[in-house]
Amino acid sequence: MSERDSVQVAVDVPLAGTFSYLTESPVMSGMRVCVPFGSRRLCGVVVTPIPGEGVPDCDSAKLKRIEMVLDGLPPLPEEFLALVRFAADYYHHPLGQTLFTALPTTLREPRDIKRPDRRPFALTAQGLAEPPPARQKARLALWQALLDGPLTLEAAKAHTPQAGKWLADWLAEGKAERVALEPPALRLGESPALNDEQQAALDALRRSEGFQPWLLHGVTGSGKTEVYLRLIADSLAARRQVLVLVPEINLTPQLIDRFARRFPASRIVVQHSHLADGERLQGWLDAWHGEADVVIGTRLSVFTPLPRLGLIVVDEEHDGSFKQQDGLRYHARDLAVWRARRAGIAIVLGSATPSLETVANVEAGRYRKLALHRRAHGSARLPDVRLVDTRRKKLAEGLSEPVLEALKARLARKEMSLVFINRRGFAPVVACTACGWTSGCPHCSAKLVVHLMERKLRCHHCGWEEPVPPACPDCGDPDIKPLGEGTQRLESALQRMLPEARVLRIDRDTTSRKDAWDEIYRKVNGGEVDILVGTQMLAKGHDFGTLSLVAVLGADGGLYSADFRASERLFSQLMQVAGRAGRAESPGEVLVQTQWPDHPLYQALVAHDFDGYAASLLNERRQAGFPPGVFQALLRADSPQLAQATAFLREARQALEPLAESVLISGPAPALMVRLAQRERAQLVLESPQRAALHRLLDALPPLLDGLAKTHGRALRWSLDVDPQDW
């Protein structure tokens, strides 16, 4: 067997590089194949274009053969493979695992997939000349329906359930054929008039040529989505495809409805993890084959192949949900910018509270900024923000008297209110008043949260749950009490204090069902809700027209976190949730309960001064040597014992320091949450003012660390997080 008979194949295993296999026939790069790997049969993807691109010095006698070429679909496109290679290189993750992360679940399996032929049926000249006999009434009715024009299989079956079999027969007899239809002309639904700021932003975007990242910085309710829609219409008119990234699945129903009304004849595809495998695959294939006009999805949809890509929009670009926190730890926003650059197209990053990384890129001239300073609705204005000093106020179930009075006033005016607290469950912890015992998770450095309706204590990190104990497990005292408030407790308290109010709780527990958000929107838009009680899920992009009051509880905890990003996240979250109020005719008011009313963060919130506070935070970060002033990577290790993880990282540091050049290595130190799911965690911080210097060091990591890890046994695991967002 010669060198020309081997190809390189990427498989979904945690090993660097690709693997050589023999093939009996030419296979193209991007082709899915079924290969033996150890005792398993795996799906692989050929990553060399043709036989002859294999490893010259490999011993072909030791190579295994490709068992089957899965050729039901064409080879994966080169643009897709280029994005995968970049992600694997930048995040220093195995190519095979990166590639299979980017594929829909069905395409990761070692079986062939054939895309259904959805082209409509039409009669041929022979079919027109040979109608069915008059006695075959159902067949004749189908034939007559085809006289009016091509029919899809679904439309044909609407005439008769037997249509599938008869059409197959007519195809075989030459009486029918499959035809490709011209895509429908672009149709646009009604659109509101733009104000002068929106029009100026749209004009600037329309003048953009080639690759250009734009920050569309608009206050909440300023009409950023309307600018997106006008720009998308331009791309669709030019027969180009559009990718729209959103941070949360719960944002897609509202957005899909708006897009469908604006582009009624266009094919809009949704991509997110809650779709059934078949539904997600169909949308992915439609996008790949150019039949989808707009793809709207969460972070993984950044990998969706789009052969006619003309525009990328990243909505709420600041949101942490765009960063994957396990496996391939990629940031979808950053990959989207790279993808736009390779395609030579514009990318629009929209937010009311841009990330400091994006602000820094604007300052450096890499991104261009467009600002929308006022709300799009003619009579709407930014809400008045008031701080409720709780240092000397007695709280009832976490609610101050000013907040309760404001809620009662909105009830009287039949306006909707939102009570925001970023803690689900009934209470954050159960405690014993006699001995001080608290409900800690046995597997994590976290407290078990009370979920009263289920009578459970639950860990929101590892999922452990147990019944609420009848008495203190340590001293036996029955006087154990929930401390603090969560969404369940607030819901119960409001129903008790304001019995006439219709209260709706929105958190992870109430939105886990597939159609939960549709039901929420139906109730809210139908005027069936007086008070929403919710977590950070309600701070992102929702537009509730009658909501005039937002009350924020328990925000102070974010002021003094050990995570240097905590202030940025808290300020962004509060500005976003405050922006839910007063988006229509009713003026908005925001009440923030705090024991620190003089804190600069709250003062900036009252003044709606994002630019000033962001500049202050950015200056602090640069002085302290934190991103975006430097580039970072975290080397994490976890093990059943912290000492083992720390020892591994100490050895890794000793091995890396001679190679470090201008890279500062700090640690090892315990992670902020030391124990998670029965494993102890520690980390090294690697940082440098030059991205290239950091990545040169990271290139040396995998082979070095694999060798070190073997000496610590299989219980030890390590991972690398480039541009980390969580500590």
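A crossing is called left-handed if the near helix is turned anticlockwise from the far one by less than a right angle, and right-handed if clockwise. Helices here are DSSP runs (H or I, at least four residues), numbered from the N terminus. The views come from a predicted model, in which local features need pLDDT of at least 70, side-chain atom pairs count only at pLDDT 80 or more, and totals for chains, interfaces and linings use all residues. Residues are numbered from 1 along each chain as its sequence is written, and side-chain values use heavy atoms, leaving out hydrogens and water.

**View A. Helix 1 passes helix 11 in a right-handed crossing.** The axes of helix 1 (residues 78-90) and helix 11 (residues 332-343) come within 11 Å and cross at roughly 135 degrees (axes are lines fitted to C-alpha atoms over the stretch in contact, and angles run from 0 to 180 degrees between N-to-C directions). That makes helix 1 oblique to helix 11 (under 35 degrees is roughly parallel, over 145 roughly antiparallel, 65 to 115 roughly perpendicular, and the rest oblique).

**View B. Here are the residues where helix 1 and helix 11 meet.** Look for Glu79, Ala82, Leu83, Phe86 and Ala87 in helix 1, facing Leu335, Trp338, Arg339 and Arg342 in helix 11 (contact means heavy atoms within 4.5 Å). By class, this contact has six nonpolar, no polar and three charged residues (Ala, Val, Leu, Ile, Met, Phe, Trp, Tyr, Cys and Pro count as nonpolar, Asp, Glu, Lys and Arg as charged, and the others, Gly among them, as polar).

**View C. Helix 19 passes helix 21 in a right-handed crossing.** Phe648, Glu651, Ala652, Ala655 and Leu656 of helix 19 touch Leu701, Leu704, Leu705, Leu708 and Ala709 of helix 21.

Note on methods. Helix = DSSP H or I, 4+ residues; strand = E, 2+ residues; numbered from the N terminus.
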